[in-house]
Amino acid sequence: MAKKNKTENQKTKDLKQFEKDATGKVMTTNQGLKVNDTNNSLKAGERGSTLLEDFLLREKITRFDHERIPERIVHARGSGAHGHFELYKSIEHYSKAGIFTDTNRKTPVFVRFSTVAGSKGSPDLARDVRGFAVKMYTEEGTWDLVGNNMPIFFIQDAMKFPDLVHSVKPEPNREIPQAASAHDTFYDFVSHTTETLHNQIWAMSDRAIPRSFRMMEGFGIHTFRLINAKDESHFVKFHWKPKLGVHSVTWDEAVKINGADSDFHRRDLWDAIDSGHYPEWELGIQVVAQEDEHKFEFDLLDPTKLIPEEMVPVEIIGKMTLNRNPENFFAETEQVAFLPGHIVPGIDFTNDPLLQGRLFSYRDTQLSRLGSPNFHQIPINRPIGEAHNNQRDGHMQMDIPKGQTAYFPNTLGGGCPHLAKMAEGAFHSFEERIDAKKIRTRSESFSDHFSQPALFYRSLAKWEKQHLAEAYIFELGKCTQKHIKQRMLWLIAQIDTDLAKNVSKGLGLPIPKEIDHPINQAIGADADVKKHQPPKKKNYLESDPALSQANTKFDSIETRQIAVLVADGFSMSDFTSKKEALEKEGAMLKLIAPHGGTVVSDDNTEHEVNASIITTESVLFDAVYIPGGKKSIQGLLAESKFKKFINEAFKHCKTIVADNEGEDLLDKTFVADYKDDKAVLINEKPATIIRSIAKHRNWDRMDVAAQVPA
Ligand code: HDD
């Protein structure tokens, strides 16, 4: 039975006062008038016309007509959860922020994960960057770290953001395609904007199709500053490292999951929290001393560059736990407003031109999305501390500010609210020395667009490289314009020739030696690309192991979904031995049977079926287990979808476990010829099975798996 484990924190307490619970209550209008009919409008006679007088009808319909608010222009589809952050050790030598110095605190957080391009109702498994936005309700004010699951961004200057987003969104004439980057306008833009190539190659990697929000990293991306009590500044990059490791599904699964359960990630997050398996991430920092700002071969202010962990290790300083699902999706997850401009003393901005633009954009967008400058008064957006100033009025003012004065300085209000003294923890911007010309340009130090995409590709494992090439083939294969595909191929060849050869084969197009499309010349695109490559490609690091998912954690099967294929007569002793051991490690076993309702095992006990084979698909599971029992196997063989289920799990390189007669079912599938595969486990001990599932997938099987016609 799912348990709803609520952990109280200050924000939870604050939110409670706004919660409304109708349990046991009478229905009323919004004015508190008791209502005894909400099914029929007021009419002139039984069959007569409806009367304008009917205020009950008008209240209900008017309210309904205005239920929707504009969805976010990007990151429209998302899921949120509450939790807290705990600091392992003080980093007061870097930052004076309470959240970074006080190890006794549990700072409340609200996190919203999202895809970027799709609309609010788009499927979860789109190939896309994932948003990873964390709101920390600290005692000194709210700090929002509005990041993504990739450590770099597509563009270097906020000025290009509308162009980037317009190119990836559905094409304006036909509003096609939804939640997909695989179309002409996106690659038209990317192929003419080489600064995008780094984030682009990450988006082609498995990072863009995570197994779960709980199994992806988060990054603040920009270089920020940490400011200590002596007002000294260090540069910092923020990293969230998931306790469960970084894992992904394959593209074939993603496509199928979108059909089988388009809420896959949303459901996964909700179910994990609801069942008490709280997701956790450790917070890491990469710190660079002020005087080392220029020691790298890239610019710390360039958001298309990461600092390889090989060069600056990540120091783990704390942990975030998500332990409470929202009470109401709209009130919390939809209305939450993240602003990169929300910082607290001890943290400050740098001059990263993308960050600087974001500092404007997020406040502005809330005005049209949430409709009022009072959006900070919506319960989910309120700080946990008191907020006082002379800002007034506006749509939907929820507070009742008292007193005669709304200006500063004043005497009539006793000078209040008075200014905070520095000793009281007032915010003070870091005093960076600036002596510059006003100039609309891009810094030369941002001009290397190829070294880091190449480093990323070099750092990947063989299977990751293969997935990545297939992603390019899919995406570019969906483009209809040959000159765009050719230009992309040419650019990919500048990143890595082997990758380009693979993609070229899949596209059936040769890698062009030169790009001489007249339009490109007309818009000066070639000159622009030549400026950035190839002479500028640098090889300052052969590889960075942290960039590969092959080097993530493989030590847990917590919350892994195991499909147990059963029909009447399945072996209870087989089942119990595996169930106990796997559940002890946190795995979740689901009985899949030829029908819904119940199944009876060979000891005559009845078991609730979790899903009939008609309503589920193998792509929703991490591993398959077939207990023995002659009658059960006969029952499974009678329904051909079970064979498809197993073939597909094999194709996706998952662990497949069978006991006793369960092997007879495997013998009727593609697996029959591959029983020596290291993740096909027949009559194996639980410990071996647990190790295999924890490995996530057996990628060694990839070439064989590609042959499976599922
Ligand atoms: Fe953004 C939302 C992440 C660049 C403008 N962004 C948004 C969200 C995330 C990010 C996670 C969803 C927040 C939520 O869940 O409510 N955005 C990023 C990252 C960026 C980035 C990691 C680069 C490092 N964004 C960026 C730029 C601009 C914007 C350069 C504009 C100049 N982003 C927005 C926005 C959104 C937004 C239009 C839409 C909804 C919202 O802000 O509240 O203002």
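# A tour of loops, a helix pair and a cavity

Start by selecting Ile-221, which sits in the loop between β5 (218-219) and β6 (224-227). Here helices (H or I, at least four residues) and strands (E, at least two) are DSSP runs, numbered from the N terminus. The phi of Ile-221 is near 70 degrees, a positive value in a residue other than glycine. Most residues other than glycine have a negative phi, and most peptide bonds are trans.

Before going on, note that this is a predicted model, in which local features need pLDDT of at least 70 and side-chain atom pairs count only at pLDDT 80 or more, while totals for chains, interfaces and linings use all residues. Residues are numbered from 1 along each chain as its sequence is written, and side-chain values use heavy atoms, with hydrogens and water left out.

**Two cis peptide bonds**

Select Ile-176 and Pro-177 next: a cis peptide bond joins them, with omega about -5 degrees. Pro-177 is in the loop between α4 (161-168) and α5 (184-191). Then go to Phe-408 and Pro-409, also joined by a cis peptide bond, with omega about 5 degrees. The loop that holds Pro-409 runs between α10 (353-369) and α11.

**The pair α6 and α11**

Now show residues 197-204 (α6) and residues 451-459 (α11), which pack at an angle of about 25 degrees with their axes 8 Å apart. Axes are lines fitted to C-alpha atoms, for helices over the stretch in contact, and angles run from 0 to 180 degrees between N-to-C directions. The angle makes α6 roughly parallel to α11 (angles under 35 degrees count as roughly parallel).

Display the side chains: Leu-197, His-198, Ile-201 and Trp-202 in α6 meet Gln-452, Pro-453, Phe-456 and Tyr-457 in α11, contact meaning heavy atoms within 4.5 Å. Of the residues in this contact, six are nonpolar, two polar and none charged. Ala, Val, Leu, Ile, Met, Phe, Trp, Tyr, Cys and Pro count as nonpolar, Asp, Glu, Lys and Arg as charged, and the others, Gly among them, as polar.

**The largest cavity**

Finish with Pro-151, Phe-219, His-239, Leu-306 and Glu-309, which lie nearest the centre of the largest cavity among its 16 lining residues. A cavity is a set of points on a 1 Å grid over the protein atoms alone where a 1.4 Å probe fits but cannot get out; lining residues have an atom within 4 Å of a point. The largest cavity holds about 120 Å³ of space, a volume being the space filled by probe spheres set on the points. Its lining divides into nine nonpolar, two polar and five charged residues. Strand β7 (residues 233-242) gives the most to this lining, with four residues.

Methods: Parallel < 35°, antiparallel > 145°, perpendicular 65-115°, else oblique. 1 Å grid on protein atoms, 1.4 Å probe; cavity = no way out; pocket = protein on both sides within 12 Å on 5 of 7 lines; lining within 4 Å.
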